[in-house]
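We will go from stop to stop.

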Amino acid sequence: MAGHIFYFLIFPGLLFAGVGGGLLSWFDRKITARVQFRVGPPLLQPFYDFVKLMAKETIIPSNAARTVFLLAPILAVSGGCLSSVFILLPGFGISTGFKGDLIVVFYLLMVPSLSYIIGALASGNPIANLGASREMKLIIGYELSLLLVLAAVILKAGNSISLGEIIVVQQQQGAFIGSISGILLFIVAMMCVQAKLAFVPFDIADAETEIAGGIFLEFSGFTLAMVKLAKYIMLLVLPSFVVVILLGGFRFEGIHILWSLLKLLGVVLLITLVRNTNPRLTIGQSMRFFFIWMNLFAIIAIVLAYFGY
């Protein structure tokens with residue numbers, strides 16, 4: 001029991017994922033600033049932002065469902081921490097003995113987005129409700145694509161639904177991205193991660209210039225700090241998930257430590273570059289993008305994987 005609490009609260013859960021995600025948030029903001037010819041924030045700026053929000057007053061809308069509104073961001077953090085535990089433990093070579101964790105991770109990764117929707121609907125603000133509506137439609141679009149990616153990964157791993165076994169297969173036979181089907185799966189997975197992080201071009205649910213923050217409009221103080229913490233955690237968890245299922249996972253011995261870090265930073269760098277080089281898509285454009293192109297790419301990858309390519 002004590003071990004499970006340690007995994008959830010310290011490593012690789014709340015503390016590790018929060019700090020790691022905060023540092024990746026700084027990396028993302030620094031690259032964004034350089035792309036825009038700015039200096040960018042100092043290394044500890046994400047943590048300053050979190051502490052500042054924690055110290056501010058939490059304002060609850062008068063017509064909000066108070067308990068649900070306050071619990072939703074905490075639920076988002078909890079979902080992120082559990083995802084971190086289930087992905088990073090096998091990713092770091094620590095056996096959990098749990099078969100089928102890939103399926104559990106698929107559902108856990110949905111928890112933060114669903115929590116934001118619940119919080120926005122509980123706020124009673126019509127603009128936040130509009131953001132929640134957009135987020136729901138976006139989830140319908142990209143979750144099917146991600147499910148197809150996982151189906152292809154399971155096929156390439158010899159019908160295994162264990163993250164530990166998927167990593168072992170890649171370490172023995174080479175990372176899945178080293179095949180045609182793996183490249184297609186990587187493209188689809190990266191677009192799904194971009195949407196799950198609500199980064200441009202899939203940030204229509206909280207577009208600040210259009211709906212003033214939308215789904216996050218009424219969060220402030222403690223609740224907004226929890227939302228920010230959940231986003232930090234997911235910025236570590238989702239790229240790590242891509243590394244685990246398609247790039248061979250992490251290895252912490254000799255030169256592989258540097259290689260593992262570079263794989264993670266490379267995925268985050270790609271996410272940041274896509275974010276800074278594309279315009280925002282409307283909800284209709286986003287859904288067509290996933291329903292037609294990403295699902296098509298994923299289905300082609302499944303067929304190619306079946307024939308060994």
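Where does P12 lie? Select P12: the loop between α1 (2–9) and α2 (14–35) holds P12. A cis peptide bond joins F11 and P12, with omega about 5°.

A word on the source: this is a predicted model, where local features need pLDDT of at least 70, side-chain atom pairs count only at pLDDT 80 or more, and totals for chains, interfaces and linings use all residues. Residues are numbered from 1 along each chain as its sequence is written, and side-chain values use heavy atoms, with hydrogens and water left out.

**The whole chain**

Zoom out and colour by secondary structure. The chain has 13 helices and zero strands. Helices (H or I, at least four residues) and strands (E, at least two) are DSSP runs, numbered from the N terminus. The radius of gyration is 19 Å, close to the 19 Å that the globule rule gives for 309 residues, so the chain is as compact as a globular protein of that length. That radius is taken over C-alpha atoms, and the rule is 2.2 Å times the number of residues to the power 0.38. Along its principal axes, the C-alpha trace spans about 55 × 45 × 40 Å. Of the 309 residues, 51% count as buried. Buried means under 20% relative accessible area, exposed over 50%, and partly exposed in between (1.4 Å probe, protein chains only).

Select V200 and P201. A cis peptide bond joins them, with omega about 15°. P201 sits in the loop between α9 and α10 (208–211).

Now select F37, in the loop between α2 and α3 (45–55). F37 has a positive phi of about 60°, although it is not a glycine. Is F37 buried or exposed? F37 counts as exposed, at 81% relative accessibility.

Go on to N159, in the loop between α7 (126–156) and α8 (163–173). Phi of N159 is positive too, near 65°, and N159 is a residue other than glycine. N159 counts as exposed, at 60% relative accessibility.

**The pockets**

Rolling a probe the size of a water molecule over the atoms shows where empty space is left. On a 1 Å grid over the protein atoms alone, a cavity is a set of points where a 1.4 Å probe fits but cannot get out; a pocket is an open set with protein on both sides within 12 Å along at least five of seven lines; lining residues have an atom within 4 Å of a point. Grid points are joined across faces, edges and corners, and a volume is the space filled by probe spheres set on the points.

Select F199, D206, E208, K231 and R275. Of the 39 residues that line the largest pocket, these are the closest to its centre. The largest pocket holds about 1,000 Å³ of space. α11 (221–246) gives the most to its lining, with nine residues.

Next, select F16, L24, L236, L261 and L264. They lie nearest the centre of the second largest pocket, which is lined by 18 residues. About 330 Å³ of space lies there. The largest share of the lining, six residues, comes from α2.

**The cavity**

How many cavities of 30 Å³ or more does the structure hold? It holds one. The largest cavity has a volume of about 40 Å³. To find it, select L146, A189, C192, V193, K196, L238, F241, V242 and I245, which line it.
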